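Hi,

Here's the structure I promised to pass along.

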Amino acid sequence: MKNRALNLISPVAFLVIWELLVALGALDRRFFPAPSETLARLLELLQNGELTTATVITLRRMAVGFVLAAVPAVVIGLLMGANRMARIILGPLITALYPVPKIALVPMVVILLGIGETSKVAIVAISVFFLVVIHTMAGVLNVEQRYFDIARNNGARPWDLLTTVAIPASLPNILTGINLALGFALTVIVGTELLLPQGGLGALIWKSYNVYDIPTIFAGLIVVALLGWAFTVIMGEVERQLLPWRVADAAPARRRLQDEPRLRRFVRTWWLAVRPFSFTASVTPVVLGSVLAAYDGAWSWLLFAITLVGSVSIHAGTNLINDFYDWKKGTDTPESLGPNRALKEGILTPQQVFWGGVFFFALGSGLGLYLVATRGLLILYLGIFSVLAGWFYTAGPAAFAYIGMGEIVVFIFMGPVMIMGSYFVQMQSVNWNVFLVSIPIGLLVACILHANNMRDIEDDRANNKRTLANLLGRKASRWEYYVLIGGSYLTLVLLVLFGVAPPFVLLALLTLPKAAGLMRTAAVHEAPARLNKVIRGTADLHERFGWLMIAGILAAMVAQVV
Amino acid sequence: MAIIETAALTKVFPGPDRREINALGPVDLTVEAGEFICIVGPSGCGKSTLLRILAGLEQPTQGTMTAEATDLQRPFNSMVFQGDSTFPWLTVHANVEYGLRVRGVPYRERDEIAARMLRTVGLSGYAEAYPYQLSGGMRQRVALARALANDPEVLLMDEPFGALDAQNRALLQDELLYIWDQTGDSAGGGARKTILFVTHSIDEALVLGDRVLVMTAAPGRIKAEIRAPFARPRRTHELKRDPVFGELSYQIWEALRDEVDAARASELRGQR
């Protein structure tokens with residue numbers, strides 16, 4: 001952990017020395033612009049859209065070429081790994097072509113396909129193809145024979161051997177191939193754009209060189225480096241999601257909070273206390289609403305940041321206050337002490353937790369009031385309604401949560417209200433389309449709550465807490481679960497069919513297998529331990545579904561620009 | 001009733017320089033339904049090959065094998081492999097229900113069977129864990145549960161506890177005996193499972209089996225057969241105090257010793 005700070009020393013020192021040398025006149029400003037100058041140019045290019053356009057063009061070429069190549073590459077790689085004949089026939093060709101420097105193919109590709117987009121996409125596709133084929137094949141070949149024996153002894157047929165052994169066992173290798181191919185594709189496309197400068201980051205760099213605009217060259221290089229870094233981070237996350245069984249280095253033993261140095265302890269203590277892992281429930285709708293506005297043509301980073309930080313602050317405040325009240329009620333049973341580790345380890349006193357909550361509420365309200373002042377009264381109304389809903393959720397004689405209204409309230413406020421609010425902040429208006437798009441997210445949030453209620457059917461009944469789940473009974477509440485999940489997918493498809501949302505949001509359908517798994521588990525089990533998994537799984541589903549919708553809208557924007 | 005019978009079973013593998021390696025046999029073996037048979041023999045004598053032939057993973061070069069399946073609805077055999085044989089990419093639960101899944105048993109049914117098997121081997125709390133999170137002994141129990149979930153007529157076990165430390169080994173032996181007794185109850189579907197258990201350990205063979213077969217050095221044939229006359233249910237650590245146990249253990253070692261020497265001599269020849 002400490003190393004992370006040490007990691008920064010060399011790059012920061014490098015930049016500082018560079019800046020100083022320029023300031024002292026030791027480096028010629030015309031050839032080596034100071035980092036501050038490059039940064040200023042970067043922001044300028046972002047503002048006038050030049051850099052964004054170039055990045056989008058480069059990314060689009062990469063994405064198209066990548067998808068065109070990676071899919072057949074995986075199929076061919078699997079075939080070559082699994083089948084000796086295919087390996088003998090295709091192997092020599094692949095091994096012969098693999099080491100050819102792909103950038104050297106540009107002239108031939110241009111002769112064949114012209115100098116348009118097609119040839120640039122083709123170059124990316126060629127670069128990706130070989131890496132993925134070779135890694136996939138190696139992956140299958142490296143699967144230990146005994147796994148196939150075990151599978152066959154258990155009754156697996158050839159198709160099962162492929163789907164239940166060869167593919168999952170070689171997935172780590174396939175992903176490594178894809179990871180390498182992404183980095184390679186970036187190198188090759190930027191190189192190609194240098195040779196054929198028609199749009200894209202490479203062209204931007206080349207054109208800037210021609211007019212001796214050195215800061216722009218550096219700005220372009222920075223974006224390329226950031227893209228490469230982003231791919232690595234994204235692939236790391238993809239691997240973690242797809243390969244949960246492969247935690248190479250076990251998580252280091254958690255250090256007790258007391259043992260941390262003081263400043264780190266302060267930050268980490270509060271970080272844990274606000275329970276950041278619950279934030280996706282509020283982050284997802286805010287991002288979705290804001291991105292929808294961007295899709296419709298209105299975007300401000302500042303407003304987005306304020307909306308996001310404001311919502312997260314309110315969420316953090318809510319978590320802290322809830323923990324405080326849980327603690328108050330649970331004084332006699334230390335085990336029932338909520339999930340707040342800081343409170344549990346005795347680092348924070350309950351009073352500190354309470355005042356922390358007040359602080360975050362104040363911060364959130366302050367940011368909210370800024371939005372009210374600059375963007376209009378609608379935000380105030382939404383805010384007041386939300387606070388009231390939050391308050392009467394568990395308090396008062398007719399608390400929503402106790403009369404079977406929990407799902408509806410959560411649906412409205414964590415779905416449409418948050419999404420339309422964030423949209424309004426950017427756009428200064430709302431429309432029915434935004435409401436419609438927010439429905440799937442709202443249904444899934446309601447579904448998380450319902451999964452909770454399904455687990456607590458018996459307890460809640462004993463406590464006279466009436467939830468929809470215990471009013472309906474075990475069987476019908478399962479149907480409610482199916483309806484909420486199914487409803488969100490159905491709405492999504494209808495949104496696209498009726499042209500309310502761009503087809504790209506169908507990306508969220510990628511979560512269908514997970515949803516099917518959850519419904520199956522919910523269909524069979526009553527044990528709280530199993531249903532706990534359903535709750536966590538549903539929250540996970542909501543998060544992934546939301547982010548895939550967001551990714552879909554971003555993809556639609558990219559498609560529009562080009 | 002004989003459930004498995006082999007006659008003059010041999011296996012020849014192609015070796016380097018177009019030579020042939022006689023790995024096994026001829027083996028004549030009769031296994032009665034419900035018997036627990038242990039097979040000991042020196043390293044490389046073809047014990048595992050014999051088991052793999054019985055499992056259908058390998059074809060014999062010569063000789064015949066007849067298997068008398070009584071119930072065509074159930075898989076005839078399931079094997080517990082040597083070393084770690086869990087699928088690392090599946091959770092414990094998914095590992096146990098693997099055989100049921102590829103055979104198309106409906107979700108609800110296989111889920112229930114897998115949960116029951118995990119209870120049987122004492123791993124209920126680890127259903128959603130991945131194998132890398134378990135110890136070697138726990139993984140071996142997962143492999144056992146997977147074989148049991150198939151509900152085969154014959155259980156083939158290839159040195160399943162070979163890689164475990166002595167304590168874990170003793171515990172799992174007791175557990176295996178207990179589970180085997182359970183399957184013999186009327187609740188477990190009537191007849192006890194037939195088990196063929198390959199091991200290096202003479203003590204393990206005596207503790208577990210009804211009969212202990214001693215194999216010769218490669219190509220392995222059955223050299224001797226010793227009955228383990230101890231009453232069931234057995235407690236492994238108490239059995240070892242029985243003077244008969246010591247005597248039988250000595251007899252098996254006497255039969256095995258020449259073969260181990262022979263195996264070692266041929267290994268040395270191979271080096272030169």
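Starting with the interface of chain B and chain A: eight residue pairs are in polar contact across it, both partners at pLDDT 80 or more. On the chain B side, the elements that put two or more residues against chain A are α1 (47-55), β5 (77-80), α3 (98-102) and α4 (107-120). Sorted by class, that side of chain B has twelve nonpolar, seven polar and nine charged residues. Keep in mind that this is a predicted model.

Charge pairing first. The count between the two chains, B and A, is one salt bridge. Asp149(A) and Arg52(B) form a salt bridge through their side chains, at 2.9 Å from N to O.

As for extent, 28 residues of chain B are in contact with 26 of chain A. About 2400 Å² is buried between chain B and chain A, with carbon and sulfur atoms giving 56% of that area. Of what chain B buries against chain A, 28% comes from Trp89(B), Val102(B) and Tyr107(B), more than from any other three residues.

Now the cores. The largest nonpolar core has 85 residues, and Val128(A), Val165(A), Phe87(B) and Leu196(B) have the most contacts inside it. Helix α9 of chain A (residues 158-195) supplies the largest share of this core, 13 residues. A second, separate core has 56 residues, including Leu320(A), Ile419(A), Ala508(A) and Leu531(A).

Cheers

Key
Residues numbered from 1 in each chain as written. Chains lettered and ligands numbered in written order. Predicted model: local features only at pLDDT ≥ 70, side-chain atom pairs only at ≥ 80, totals over all residues. Heavy atoms only, no water. Contact = heavy atoms within 4.5 Å. Buried area = accessible area lost by both parts, 1.4 Å probe. Salt bridge = Lys/Arg side-chain N within 4 Å of Asp/Glu carboxyl O. Polar contact = N/O pair within 3.5 Å; in protein donor to acceptor, adjacent residues only side chain to side chain. Helix = DSSP H or I, 4+ residues; strand = E, 2+ residues; numbered from the N terminus. Nonpolar A, V, L, I, M, F, W, Y, C, P; charged D, E, K, R; others polar. Core = buried A, V, L, I, M, F, W, Y, C linked by side-chain atoms within 4.5 Å. Buried < 20%, exposed > 50% of the residue type's maximum accessible area, 1.4 Å probe, protein only.
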